[in-house]
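Please prepare a short report on the fold of this chain and on one of its helices.

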Amino acid sequence: MPYERRMLIREKAMTELRAITEENFIDAFNLHLAPGQERFVSHPIRSLAQAYVYREQCQPFGIFAEGRMVGYVMVVYDYDIPEYDIWHMMIDQSMQGRGYGGEALDQVLAYIRTKPFGDSSRVALTCHKDNAAARKLYESRGFAATGAEFGDEVELAMTVE
Ligand SMILES: CC(C)(COP(=O)(O)OP(=O)(O)OC[C@H]1O[C@@H](n2cnc3c(N)ncnc32)[C@H](O)[C@@H]1OP(=O)(O)O)[C@@H](O)C(=O)NCCC(=O)NCCS
């Protein structure tokens with residue numbers, strides 16, 4: 001369905017973050033990106049492999065709405081900087097454009113404000129330079145480009161209270 005039409009039928013979203021557990025990890029495996037979006041974000045399968053490596057400093061979440069997992073996101077704490085990083089946020093292709101990504105980002109920021117791993121107030125992420133939709137979403141929540149670039153990815157950051 002075209003993005004414009006999805007926005008017309010968008011209802012008030014009710015989104016919830018739930019930690020990835022043995023109860024729900026297969027649902028994360030079954031999330032799908034739209035054609036062409038693979039270059040913007042790692043699939044949750046790859047992200048969960050990274051979550052194992054960084055297991056002392058990260059929390060992967062399923063994004064739930066309408067009684068099922070509709071997306072995925074991971075929060076990582078970088079002790080070296082220190083800062084919170086948001087990795088691999090995605091909404092299943094069939095559920096994009098309904099407000100779930102925006103709500104999930106609000107909840108990720110609320111989670112980070114609880115300082116679950118360390119005291120930093122800096123939140124950072126990278127976004128592909130061609131990913132205008134995601135960039136617009138992040139900027140609407142207060143993220144701004146830092147000027148740092150990593151290949152095709154630009155760094156965005158904000159400070160939370
Ligand atoms: C980016 C993504 C997570 C947004 O989730 P979503 O549920 O589709 O987004 P929402 O419906 O909550 O929309 C939030 C905002 O994003 C923007 N947006 C989302 N999809 C868009 C599109 N196709 N075109 C233009 N803007 C778009 C809009 O600014 C929207 O704000 P609005 O409510 O003022 O219109 C989702 O599209 C996705 O999974 N994309 C592929 C993976 C990806 O790029 N992840 C980000 C990696 S940095």
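## Basis of the report

This is a predicted model, in which local features need pLDDT of at least 70, side-chain atom pairs count only at pLDDT 80 or more, and totals for chains, interfaces and linings use all residues. Residues are numbered from 1 along each chain as its sequence is written.

## The chain as a whole

The chain holds five helices and seven strands, where helices (H or I, at least four residues) and strands (E, at least two) are DSSP runs numbered from the N terminus. With a radius of gyration of 15 Å, close to the 15 Å that the globule rule gives for 161 residues, the chain is as compact as a globular protein of that length; the radius is taken over C-alpha atoms, and the rule is 2.2 Å times the number of residues to the power 0.38.

## Helix α4

Helix α4 covers residues 100-113, and its 14 residues reach 20 Å from first to last C-alpha, close to the 20 Å expected at 1.5 Å a residue (1.5 Å times one less than the number of residues). Tyr100, Gly101, Ala104, Leu105, Val108 and Ile112 are buried in α4, that is, 20 or more other C-beta atoms, placed from the backbone, lie within 10 Å of their own. Seen down the axis of α4, these buried residues fall within an arc of 130°, so they line one face of the helix; the arc is that of the directions from the helix axis to the C-beta atoms.

On the other side of α4, Asp106 and Ala110 are exposed (12 or fewer such atoms). After α4 comes Lys115, whose phi is positive, near 50°.
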